[in-house]
Amino acid sequence: MAVCLPTARAQEAGEDEEVPFHGPDVHPGYPDAFLVSYTLRKNTVSPDGKYGVIFPDRTRMDDATDFLVVVKESRILGVIEFGSEDTYFVGKNHGGLNVYWAPNSSAVLVVSEGKWTPRELMLIELKDGRIVRQTPLFAPWEKAIHAAAPKAAELGRAMVELDLNGVSWKMEKSLLLQLKCDVSTNPKGFSDQSSWSGSVVGAWDIARHEFTQVKVKQTSFSKGGKGER
């Protein structure tokens, strides 16, 4: 029998509270760049309290880097391997950062938000206190959606709007990352453009390293210049 595990990102009061993070090996008399220029929020900390995600402010926008850290040891575990356009910093235009930990703290999904779609969905796996793999999931998630929704793929262009509105974890034979989203290829409703919209659910199987169980429910489809079907 499958056991459903809730996301670690519970919507509780104070979850966006900042937690002090001191940089490693700060020399006396010198500024602590990580304390001054980076933010560690309570809602990015893993369920076991060991790990967290830090992101820079505008003073670091020219060399912005997001990090996975060991909280109590003030240690940098590794760079989150976003592309330069995906890295989040405070005040980024149409930007945001959401963090979803597996309940056993063995994996985390870090979402760099964008205007119409996430900029990237980075899955980070950990073992024995170190990062063992980082997988950018946005492109394979979009590919899985196209494969499951031929009418959307027939429009011949990338998804225009993808609203990720559900992230959870489930344990079956292996750990699964479950995603839910609403998708639209014409969110502004231009009458001369064909439009497809629907809801999608799917799961990334950690062990198999692929999307499985992708299901699509079409809510509307219309040809450009014609009414909804």
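**View 1. Phe82 sits in the loop between β5 (75-79) and β6 (96-101).** This is a predicted model, in which local features need pLDDT of at least 70 and side-chain atom pairs count only at pLDDT 80 or more, while totals for chains, interfaces and linings use all residues. Residues are numbered from 1 along each chain as its sequence is written, and side-chain values use heavy atoms, with hydrogens and water left out. Strands here are DSSP runs of E with at least two residues, and helices are runs of H or I with at least four, both numbered from the N terminus. Phe82 counts as buried because its relative accessibility is 10%, where buried means under 20% relative accessible area, exposed over 50% and partly exposed in between (1.4 Å probe, protein chains only). Once its neighbours within four places in sequence are set aside, Phe82 is in contact with Asp66, Thr87, Leu97, Val110, Ser112, Glu120 and Met122; contact means heavy atoms within 4.5 Å. Thr65 is 17 residues away from Phe82 along the chain, and their C-alpha atoms are separated by 8.4 Å.

**View 2. Four strands form an open sheet in the order β6-β7-β8-β9, with antiparallel pairing.** The edges are held by β6 and β9 (130-136), each with a single partner strand, so one side of each has no neighbour in the sheet. From one strand to the next, the twist averages 20°; axes are lines fitted to C-alpha atoms (for helices, over the stretch in contact), with angles from 0 to 180 degrees between N-to-C directions. Look for six bridges between β6 and strand β7 (residues 107-113), which pair in the antiparallel sense; two strands pair if DSSP finds at least two bridges between them.

View 3. Strand β4 (residues 67-70) runs antiparallel to β5, and four bridges join them. Val70 is found opposite Arg75 in β5.

**View 4. Phe34 and Phe67 form an edge-to-face aromatic pair, 5.8 Å centre to centre with 65° between the planes.** Rings of Phe, Tyr and Trp (its six-membered ring) pair if their centres lie within 6.5 Å; planes under 30 degrees apart count as stacked, over 60 as edge-to-face and the rest as tilted. Phe34 belongs to helix α1 (residues 33-37) and Phe67 to strand β4, so the pair ties together parts that are 33 residues apart in sequence. Both Phe34 and Phe67 are buried. Ring pairs also link Phe34 and Phe67 with Phe21 and Tyr38 into a cluster. Across the whole structure, a search finds eight aromatic pairs.

**View 5. Strands β10 (residues 161-171) and β11 (residues 175-184) pair in the antiparallel sense over ten bridges.** Together, β10 and β11 form a hairpin with three residues between them. Opposite Glu161 stands Ser184 in β11. Zooming out, the protein has three helices and 13 strands, and buried residues make up 46% of its 229 residues.
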